[in-house]
Amino acid sequence: MHRFPDQFLFGTATSATQIEGGSSATDWWEFARQPGRVKNGDRPDVACDHWRRVEEDVALVARLGMGAHRLSIEWARVEPEPGRFDESALEHYRSELDALIAVGVEPILTLHHFSFPSWLARRGGVLAAELPERFEAFTRRVARVVERRVTRFLTLNEPNVLIAQGYVLGYWPPGLSEPARVPSAVRNLRRAHCAAYRALHALLPHARVGIAHHLRVATPATSHFLDRAAASLLDFTFNRLFLDLPQDFLGINYYSRDIVRFDVSKPGELFAARSVAVGAPVSDLGWEIYPAGLGTVLRMLARKGKPLWITENGVADASDRLRARFLVEHLREVSEAIASGIPVEGYLHWSLLDNFEWAEGYAPRFGLYAVDYETQGRTLRPSGELYAEIARTRSLTA
């Protein structure tokens, strides 16, 4: 039997753009209106209608018996115009935090989860010279509102993914395939994190601040030196560019691994052709289900000497045929890491609800709760019942 420490926190995760609906002042609102950008023409206009259903959704978290819940603040709601902060939006988020705390759930707050206010996106978004300064001002305003309601903050969610999707692959705003812009984007996001990190510690001495890093295992397709070199380069450029920044804990978003083969036709992707292992189980999105990879990244980050959090881990599985095994096998990796002395403090499952999955639209189903987008009904899946049982017993049994 695998048993988790009493202080270990089980939880769930969401993000504002993906569930709230109704925020028309974001780059994603505008991007989704461009033909062909999002599958099936889906838009985040309503999403899960969470903005109007906060009490209902907090009750869903409580029903699962969670100890923590990760949520994000929509920057565009809080600062719809440069320098103008919307007090009603700030009060809404303050009330949501209070509602979580009232049912015994610790809120973990993400300040930037992929979406920018339209006004900042038009000025360059990730590349805007003013981004670090603007992000610091936004952070300071939020910090004054949340006060002691929040201990753990994530400044940025998956900055590596934001850059890769927006400036290499061109699938997300601003929809560019211009790898030459990547170094500038990396520098700007690094500065933005550092500015927010300093601001939070100056205003909230109790704060613990980190980044949610998307980490993927890169396995060479063969022992050929070119495949090994391509895998090593992908690992460095994708996984490690933000790990050295000041952080009080390290957030880990883990989903899958890549089998990497050197491909001279892919210079923009650093000559790395990525695929799935032959015969491997895959999610509805075709991602390999590879639980051992979570143990790999935990051991890799343990060398950093920081507390670790699984800030996202989940599977696209509309039929709910994969999620139960996925949960057990990934949590087994976490339990074994803890038993070996690795300081993993919590596990946040992605996601509480089915939601708007960016360029994939509404088809992928990651939720412990299924969402009927016509009625906005929420239904707990059997895998959600299993996760609640694991959290209640703090153990994995035969």
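**Exercise 1. Find which residue forms a salt bridge with E288, and state where the two partners sit.**

Solution. E288 pairs with R257 in a salt bridge, and their closest N and O atoms are 3.0 Å apart. A salt bridge here is a side-chain nitrogen of Lys or Arg within 4 Å of a carboxyl oxygen of Asp or Glu. The pair links distant parts of the chain: E288 is in the loop between β8 (272-275) and α11 (292-302), while R257 is in strand β7 (residues 250-262), 31 residues apart. Helices (H or I, at least four residues) and strands (E, at least two) are DSSP runs, numbered from the N terminus. Both E288 and R257 are buried. Buried means under 20% relative accessible area, exposed over 50%, and partly exposed in between (1.4 Å probe, protein chains only).

A note on the model: it is predicted, local features need pLDDT of at least 70, side-chain atom pairs count only at pLDDT 80 or more, and totals for chains, interfaces and linings use all residues. Residues are numbered from 1 along each chain as its sequence is written, and side-chain values use heavy atoms, with hydrogens and water left out.

**Exercise 2. Describe the salt bridge between E136 and R140.**

Solution. Step one is the distance: the closest N and O atoms of E136 and R140 are 3.2 Å apart. Step two is the position: the two residues are four apart in helix α7 (residues 131-146), and therefore about one helical turn separates them. An α-helix has 3.6 residues a turn, so residues three or four places apart point the same way. Step three is accessibility: E136 is partly exposed at 25%, and R140 is partly exposed at 29%.

**Exercise 3. Find the partner of R152 and state whether R152 is buried or exposed.**

Solution. R152 forms a salt bridge with E345, with 3.7 Å between the closest N and O atoms. This pair links distant parts of the chain, from R152 in strand β5 (residues 152-157) to E345 in strand β10 (residues 344-350), 193 residues apart. R152 has 12% relative accessibility and is buried, whereas E345, at 24%, is partly exposed.

**Exercise 4. State how many salt bridges the structure holds.**

Solution. The structure holds 32 salt bridges.

**Exercise 5. List the buried residues of α11 and say what they pack against.**

Solution. G293, L294, G295, V297, L298, M300 and L301 are buried in α11. The buried residues of this helix pack against β6 (208-220), β7, β9 (308-312), α12 (323-339) and β10. The packing is judged by contact, meaning heavy atoms within 4.5 Å.
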